[in-house]
Amino acid sequence: MLSFRAGLLMGGLFSALAAAAQSAQPAPEAMAALTQVQPADLRAHIHYLADDRLRGRQPGTPGYQMAVDYVTQQLKSFGVKPAGDKGSFVQRVRLRRAFVQPGAAFSLHPSAAPAAALVSGQDYVFYPNPAAPAVQLDAPVVFAGYGITAPELSYDDYAGLDAKGKLVVVVRGAPRAFPSTVAAASQDLLLIMQNAVEHGAVGVLVASTNPKANVPNLQRGTYSVLDERGQVAASRTFLPGGRLQLAGSLTAATLQRLLSAAATDTSQVLGALRQGRPASVAVPGQVSAAFSSRYQDFDSYNVVGQIRGSDKRLRREYVVHSAHLDHLGVAAPVQGDSIYNGAHDNASGVASVLEIARTYSRLKQKPKRSILLVLQTGEELGLLGSAYFASHPTVPKASIVADVNTDMPTIIAPLLSVVPLGAQHSSLAGQVAQAAAALGLTVEADPEPEQNRFIRSDQYSFVLQGIPALHIKYGNRTTDGRNNLSELVQKWRAVTYHKPQDDINGLFDFEAGKKYVQLNFLIGYLVANDPQRPTWNAGDFFGGRFGKLQKSKNE
């Protein structure tokens, strides 16, 4: 059941959808171009991109470069112009893989008990620091609940808590009253770290609430993006800027040891948090931490093309159609196969963007705004290619008005209804409604909000830069009227998602793929022709947090 706040949010979305559906239909030329989308073309793209020869399209490998070359050639064939670095189709993305060296140390120094040394990989784990090869920290500790400050939702874990110069310990979660997308974002480590730094913290440790859970296995390292100066530009486990020295994870048992020094325990604090009440507390004593990191740097690439708009003024603004080009490469075998081809994830999304580009090429009258086609690297490494493009775009950042992202559209059954993840936060809901109505699709609330997909794909990188963005996923409608498509998808994902079985021989409905192309094209086309650029809804959580990054352009 939706929470009261979530119900209000979705009610606002559907009101916007109903109003927008009454507006004018897209131009006849655009609708005619949509009829020319061919399922066979989608299949051909997926067949190539998911072929064993590409070895799973892992960034930094020859197979990924084959994918870059393929999509570049396809864009050229559609008359798309380069919009990457120095007049090319590519944007260089310098990736850093970081590892914690053996010998990490972490100890507790309670004010009224002997010091206790903890075991790395057993009691805790530190994330590598991609900017500082050696870290040493001695600091007091505070427990800050979920680590959330959300005045628009009347909630603040830091209220009355002094975190300046201290190591902050939190648990992942959010109050039940939070709307699903806001709850998902509030649990994102990036926002947890940012909020801790804003309160003066020097480190963040996220503790598990499951007594049986182990700390994350980081033997394969973590990834970041470096800018042209060699500084960390984006990461999911590190906050650029140098103010946060340490981030990591703790077991539930280690959290209990910390809280016991504050005369409380996990049952008390978690019970309060579950009731929507902050349970923050200072922990007497301090901790000592020391570790070193080593690095491996390599290059990968985003592919960026553009279709120039027709309006002399609005052509200086851009609507982005994006999809991630990478996948998992070659890894542990499953049923004798070790190549993770990524046919659905995300060769199908890339194929969709390529066919969107082909559809634009068929228009004699281009839309008023320009269109960017962006195929990104490093999504599987933490949304890194999109994070770098959104923060360091090859066009002026303030000129990007929206992102329409396509990630694993799950084309395994007829597409009758859709969920526009993120559209409820901005005026993009209007274009979604108009496009869906034109194609005979219904719009639904997310049947699987617990999956947190809004923050788990590349559109979220644009949101973090203040750019309204969305990702279309399947709704629940089925041809037999049972309207339980999510059940089929869950069963399919259990044997396919992030496994070698995600190849061209799996389950596909290319007519559904055609419908995704048509819908995402129409959304972008309508945004590109609207005299008004998209805006965040008044009082929106994401608009309030990040919209100011674009506000100067809007005014």
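**Close-up views of a predicted model**

**View 1. Arginine charges over tyrosine rings.** R493 lies over the face of Y497, at 4.3 Å from the ring centre, and the charged end of R96 sits over the ring of Y295, 4.2 Å from its centre. A charge sits over a ring here if NZ of Lys or CZ of Arg is within 6 Å of the ring centre and within 35 degrees of the ring normal. This is a predicted model, in which local features need pLDDT of at least 70 and side-chain atom pairs count only at pLDDT 80 or more, while totals for chains, interfaces and linings use all residues. Residues are numbered from 1 along each chain as its sequence is written, and side-chain values use heavy atoms, with hydrogens and water left out.

**View 2. Aromatic pairs.** The structure holds 14 aromatic pairs, where rings of Phe, Tyr and Trp (its six-membered ring) pair if their centres lie within 6.5 Å, with planes under 30 degrees apart counted as stacked, over 60 as edge-to-face and the rest as tilted. Y360 and F521 form a tilted pair, 4.5 Å centre to centre with 55° between the planes. This pair links distant parts of the chain, since Y360 belongs to helix 9 (residues 343-361) and F521 to helix 14 (residues 510-529), 161 residues apart; helices (H or I, at least four residues) and strands (E, at least two) are DSSP runs, numbered from the N terminus. Y360 counts as buried because its relative accessibility is 0%, and F521 counts as buried because its relative accessibility is 0%; buried means under 20% relative accessible area, exposed over 50% and partly exposed in between (1.4 Å probe, protein chains only). The rings of F541 and F542 have their centres 5.1 Å apart and their planes at 85°, so that pair is edge-to-face, and both F541 and F542 are buried.

View 3. Strand 11 (residues 222-226) is largely enclosed by the rest of the structure, because 5 of its 5 residues are buried. In a regular strand the side chains alternate between the two faces of the sheet. From strand 11, T222, S224 and L226 point one way and Y223 and V225 the other way. Strand 11 pairs in the antiparallel sense with strand 2 (residues 90-100) over 5 bridges, and R97 has Y223 as its bridge partner in strand 11; two strands pair if DSSP finds at least two bridges between them. Strand 11 also pairs in the antiparallel sense with strand 12 (residues 232-235), over 3 bridges, and the bridge partner of S224 in strand 12 is S235. In the hairpin of strand 11 and strand 12, which has 5 residues between the strands, G230 takes a positive phi near 85°.

**View 4. The largest pocket.** About 1400 Å³ of space lies in the largest pocket. A pocket is an open set of points on a 1 Å grid over the protein atoms alone, with protein on both sides within 12 Å along at least five of seven lines, and lining residues have an atom within 4 Å of a point. Grid points are joined across faces, edges and corners, and a volume is the space filled by probe spheres set on the points. Of the 41 residues that line the largest pocket, E379, E380, L381, G382 and H498 lie nearest its centre. Strand 22 (469-474) gives the largest share of this lining, 3 residues.

Terms used:
On a 1 Å grid over the protein atoms alone, a cavity is a set of points where a 1.4 Å probe fits but cannot get out, and a pocket is an open set with protein on both sides within 12 Å along at least five of seven lines; lining residues have an atom within 4 Å of a point.
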